[in-house]
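Subject: Structure handover and notes

Dear colleague,

I am passing on the structure below, together with some notes on what came out of it.

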Amino acid sequence: MTWLLMLMVMIGSSPAAHAELLIRITEGADSAIPVAVVPFAETGQIPSGDKVSSIVRDDLTMSGEFKPLPPEKMLSLPSSGDEVYFRDWRLLGQRYVLVGQLTRTGDKIEARYELFDVNREERILGATASSSVNSTRSLAHHISDKVYEAITGVPGAFSTKLAYVTLQRSGGKALYRLQVSDVDGKRARVRLESDEPILSPAWSPDGKRLAYVSFETGKPAIYIHELSSGNRTKIADFRGLNSAPAWSPDGRSLLLTLSKDGNAEVYKMDIQSRSLKRLTSHWSIDTEPTWDHTGKGFFFTSDRSGGPQIYHKSSESAEPRRITFGSRYNARPRPDNDGKYVYYVHQRDKAFHIARTNLQTEEETILTRTESDESPSVSPNGRMLIYATKQGGDSVLTVIAADGGAAYSLPASEGDVREPAWSPIVE
């Protein structure tokens, strides 16, 4: 059996649960920025289940770049800028202070919030946002994004989504579920159930569709799933392998791995016309394609050098260039949006880690210390990376800073979870 088929079987046979994911901070960055997120003042009947300021605090914590001050250590609880006394926050060692007010009017909640630079004693963000009463988590994630961007200059990714696959076993039967949740694992929703494996979910650039591989007919086929309506379209059901879909930046085509002509090769499919263009031609296995940051070239995995390695084509007609050399196994490439790094699964000393290569310097860096890592996916702002790994005998999703400096895990309440995919930022 080829390494590609072995990989598909391993992923498809991993036990996992369908419950909402939990969050567990496992490591913070030494350089985390001190920030005080003051509990927001409330007017009207605000739902008690999801406190906006608590969610913002948790978002900033799990980024690994911030160290929020616990509310019980605060000397005062201001809700507006004229109540902020910078000396008090300097005594507490804080760099930034976020204050705000929530007001309920009918079925709407409005948030007014301000962010202050303590050392410079000036307001760097002041804004208003609103949501329905039932969407306070979305409101909180939105505020987190704005605070993150105001401090770092990089858009936040807390309002994005995660797609992942779980599996529940009962009485010898398997039930696979494709789920979508917030980035903190909350508000998980099942999008597809099947008693056959579901693999390789991939987000469309507009965040409205998922492409994935399903074995529901007894063989691998590729589907496109509209999340709002639930409508599904089978787009690739050729003889042999149909695997590893990857959207083009304009959303009009997909890169696919097909073996319809006898060997696993990379193809491009125009979604509207279903026309195919073959992009690789080699006796080896060419698979796991993904577009680079230009949208003109792509990375892929090939064993043409004797074992799985990452290759890059700068255009559809260019000659492939080998990217990885550090070990006999490097697979599942995932580039960032800036063209600086490509991330992948790297084998060393019988362990599988997540590594990255600097595309300018060709320097390779191993980012993880766990030993059974797979399926990396880069956050749309390039600051975080999610992957599947083993933790205490269970399979969990783990998020790390893109430089490996901080981490949190998203285990299911029981069992394992696999195949994460991070959605794009959609305004």
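The count of salt bridges comes to 22, where a salt bridge is a side-chain nitrogen of Lys or Arg within 4 Å of a carboxyl oxygen of Asp or Glu. This is a predicted model, in which local features need pLDDT of at least 70 and side-chain atom pairs count only at pLDDT 80 or more, while totals for chains, interfaces and linings use all residues. Residues are numbered from 1 along each chain as its sequence is written, and side-chain values use heavy atoms, with hydrogens and water left out.

One of these salt bridges joins Asp-184 to Arg-137, with the closest N and O atoms 2.6 Å apart. The pair links distant parts of the chain, since Asp-184 sits in the loop between strand S9 (173–182) and strand S10 (189–194) and Arg-137 in helix H4, 47 residues away; helices (H or I, at least four residues) and strands (E, at least two) are DSSP runs numbered from the N terminus. Both Asp-184 and Arg-137 are buried, where buried means under 20% relative accessible area, exposed over 50%, and partly exposed in between (1.4 Å probe, protein chains only).

Lys-260 and Asp-261 meet through their side chains in a salt bridge of 3.4 Å, N to O; Lys-260 is partly exposed at 23% relative accessible area, and Asp-261 is partly exposed at 46%. Glu-265 and Arg-278 form a salt bridge of 3.1 Å, N to O, which connects strand S17 (residues 265–270) with strand S18 (residues 276–278) across 13 residues. Glu-265 is buried at 1% relative accessibility, whereas Arg-278 is partly exposed at 37%. Salt bridges that share partners join Lys-260, Asp-261, Glu-265 and Arg-278 into one network.

Turning to the domains, the assignment gives domain 1 (24–152) and domain 2 (161–422), with bounds that come from an automatic or database domain assignment. Their contact takes 16 residues from domain 1 and 16 residues from domain 2, contact meaning heavy atoms within 4.5 Å. The centres of the two domains, taken over C-alpha atoms, are 34 Å apart. Domain 1 and domain 2 bury about 1,400 Å² between them, 45% of it on carbon and sulfur atoms; buried area here is the accessible area (1.4 Å probe) that two parts lose on being put together, summed over both.

Two salt bridges are counted between domain 1 and domain 2. On the side of domain 1 that touches domain 2, strand S1 (24–27), helix H2 (52–62) and helix H4 (136–152) each supply at least two residues, and H4 gives the largest share, five residues.

H2 itself is mostly covered, with eight of its 11 residues buried, among them Val-52, Ile-55, Arg-57 and Met-62. After H2 comes Gly-64, whose phi is positive, near 80°.

Ser-327 is buried, with a relative accessible area of 14%, and its side chain reaches the backbone oxygen of Tyr-329 at 3.0 Å. Leaving aside neighbours within four places in sequence, Ser-327 is in contact with Gln-309, His-346 and Gln-347.

With best regards

Methods:
A polar contact is a pair of N or O atoms within 3.5 Å; within protein, one must be able to donate a hydrogen and the other to accept it, and residues adjacent in sequence count only if both atoms are side-chain atoms.
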